Structures are given as C-alpha cells and as structure tokens.
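Let's take a walk through this one, starting with a hairpin and ending up in the core.

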Amino acid sequence: MGEAEGARVTQQRAVDAAGEHAKTAAAAAAGIDPQSFTERQQQIDRVEELLGPLDGLREEVTTTSTRAASAQKALEDALAPTDFADADQARAVLIEVELEASALQELKKVEERLEKNRASLTTLQGLGIPAQRPDVESLGAAASMARRAANDATDVRQKAQDRHESAKKALAERAAVDTRSAGTREQAERARRAADVCSGKTKSRISLRRWVLGRELERVASVASEHLSAMTGGRYTIRRADDGGDGRRSQGLDLEVLDAHTGRPRRPNSLSGGEQFQASLALALGLADVVSHGGTASGRRIEALFIDEGFGSLDPRALDDAIETLHHLHASGRMVGVITHVEAMKERLHAGIVVTRLPGGRGSTLTVNP
C-alpha cells in the first residue's frame, strides 16, 4: 500500500510537469513568427516528445488511483477493529519479521498451554474444585499440622498396640495363674471365712474368742445363780444377756439379773450396793467352782478365796446371808479370806490376821491368831 501511494504521487507530479510544459508551449506558440518557426517547431517536437507518454501516464495514474483507493479501503478495514487512529500509529508498533515470527511461535505455545489448561480446568470443575484459588500458605501450614498430628496419632496408636499386647500377655498369665491357684484360692477363701468368723466380722459381730468366753460365762452364771439365789432368799438369779443381734455392741459377755419379784431382767448396775456385792460374790464363787471343775481345761481346784470389803454396804439380813454363805464355803473345804472393817464380820468370823494402827499414825502392828 505504501509503494502504490508513492508511485501515484510520482506520476501525478510528472503529469503536472507535463501540463506546465504544455501551457508554456501553448503560450510560446501564440507569439511565434515565421522566422522563429523552426525554433518553435523544435519546441513543439519537444512538447510532443514530452506528451508522448502522457496517455500511458494517465492510464497508469488511473490504475494507481484505483489501487490506492483499494489500498485505502483495505487500510480502513484493517484499522477498524483496532485502536489505531491512522496508519502512522500502526507503523509505530510494527515489529521486525523475525521478531514477529518468534512472537507468533510463542503465541502458538501459549494457545496450546491455554487449551491444556482449559481441559484441566474442565476436569477440576468436574471434580468439584472451587473456582477461586485457595490460600496455599494457610493450607500448607494446616497440612503440616495435620501431618504432625497424624505422626503423633501413629505414635499413640503404636503405643496403644504395644500396651494392648502387653495387656493380652498379662491377662493370659493371670488366667494361667488363676488356673494353677484355683485350689489355693479356695483354701484361702475358706481360711478367710474362718478368720472372719473368729474375728467377729460376721453378721452377729461375735468373735470366736468372745463366743467361747460367752459359753464359759454361761456356765459361770449358772453356778453363780445358785449362790446368788441362796444369798437373796431366791429373789435374784444371774444369766448371760441376749443382745438380740445388736451389731453396735460387743455381744456375748453381758450379764443381767432376773428379779423373781417382778419377773423381769435387770441390768446389774440397777441393783443396790448390797445387792451388787452379793452378785459380785456369787460370780466369784461361780467362777471358782467352774475353774475347779475343769472349766478352763486346767483341772486345777481353787482351794482359797479372798474377799476384799463390800460388807459395809449390806443391811443386817443381807449381811447374815453373806456370812452364812461364807460358812458354807468354809465347810466345803475351801479356805475363805475376808478383808473387812465391819465389826459384825469381825465378831462372827474367826480373825486370823489382825492389823492394828499405832497411835499417831506412825505405822501398824500385825497379829496372827492360830
């Protein structure tokens, strides 16, 4: 398009120059005289020579104009879809052929990559991948944390498996020990139950020792009742108390006194002072009788009995009954020693040893009576 425009301009200039020559020749011919005809004829020949190619040039100008119009139309059509205002702006961005070829090759590669990326994008969209680009750094940090957590979980799992294996081995060993020790455990259980019974850890709360003592106490109470009944004219007897299974108390060794006047049992501490002395004396005599008859499996007979005071709390009738009981014991072959300050006792009993305080409280004398 640029070469055609240049040729047209050149031809137009030639046409203009030829026209000027023609005008000059015409002006010159108007004033030609015969004498200067030859000279003018030469000028005309020169003009004709110059005008010879004029028709060709005009035709060439017409062709060139047509080509220039076509080129202009092509230029306008080429510039229409672009941002260029004219050809000069387009020429300003023209690049070399080699550079253009290289750019076209790069463009082709970019288009190929673009097509591949579009195919990959379609695949990712089919997989449900979000359209927006994720935060890779945050996701990377989260992935690192997840890997660490996974490693920790793997360690915990391994430790748990190791402990599980150890537990299985321990359970197997325990089962083997249980099998081997079944007889021993049965014996131990029987021994434990026997120990509970002996130590009073049963419902009755009575140990074996207390139970045996309770049975012996029943024997003592039975014999003591005979002595107490004799001392009290048949009013009082002694027996071992029945606690009725009260687990809050130490059972088996409590005593109670049965009052024949009321028909009801009484606690020993509800008796009067003299009655308590009679009950104590009866128990002492009962214990001596039981021991003498082998109550403790010793087979030893108790030949002597010492009673320390208590007679001052008895009324005259009770005192007479107590002295009569002592006489019966002495008559049965037992030696009975009484420690007392009661004058009635001194008068009615033989005083074997008499302790007399010296005047001024500086000592005492001891007199033994045969």
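Which residue takes a positive phi in the hairpin of E2 and E3? That's Gly-263, with phi near 75°, in a hairpin that has 4 residues between its strands. Before going further, keep in mind that this is a predicted model, where local features need pLDDT of at least 70, side-chain atom pairs count only at pLDDT 80 or more, and totals for chains, interfaces and linings use all residues. Numbering runs from 1 along each chain as its sequence is written, and side-chain values use heavy atoms, with hydrogens and water left out.

Now the strands (E, DSSP runs of at least two residues; helices are H or I runs of at least four, and both are numbered from the N terminus). Strands count as paired if DSSP finds at least two bridges between them. E2 (residues 255-259) pairs antiparallel with E3 (residues 264-266) over 3 bridges, and Val-257 stands opposite Arg-266 in E3. E2 also pairs with E1 (residues 236-240), again antiparallel, over 5 bridges; here Tyr-236 has Asp-259 as its bridge partner. Because 4 of its 5 residues are buried, E2 is largely enclosed by the rest of the structure. Buried means under 20% relative accessible area, exposed over 50%, and partly exposed in between (1.4 Å probe, protein chains only).

On to the largest nonpolar core, a set of 28 residues. Such a core is made of buried Ala, Val, Leu, Ile, Met, Phe, Trp, Tyr and Cys residues joined through side-chain atoms within 4.5 Å. E1 and E2 each supply at least two of its residues, while H10 gives the largest share, 6 residues. Phe-311 is among those with the most contacts inside the core.
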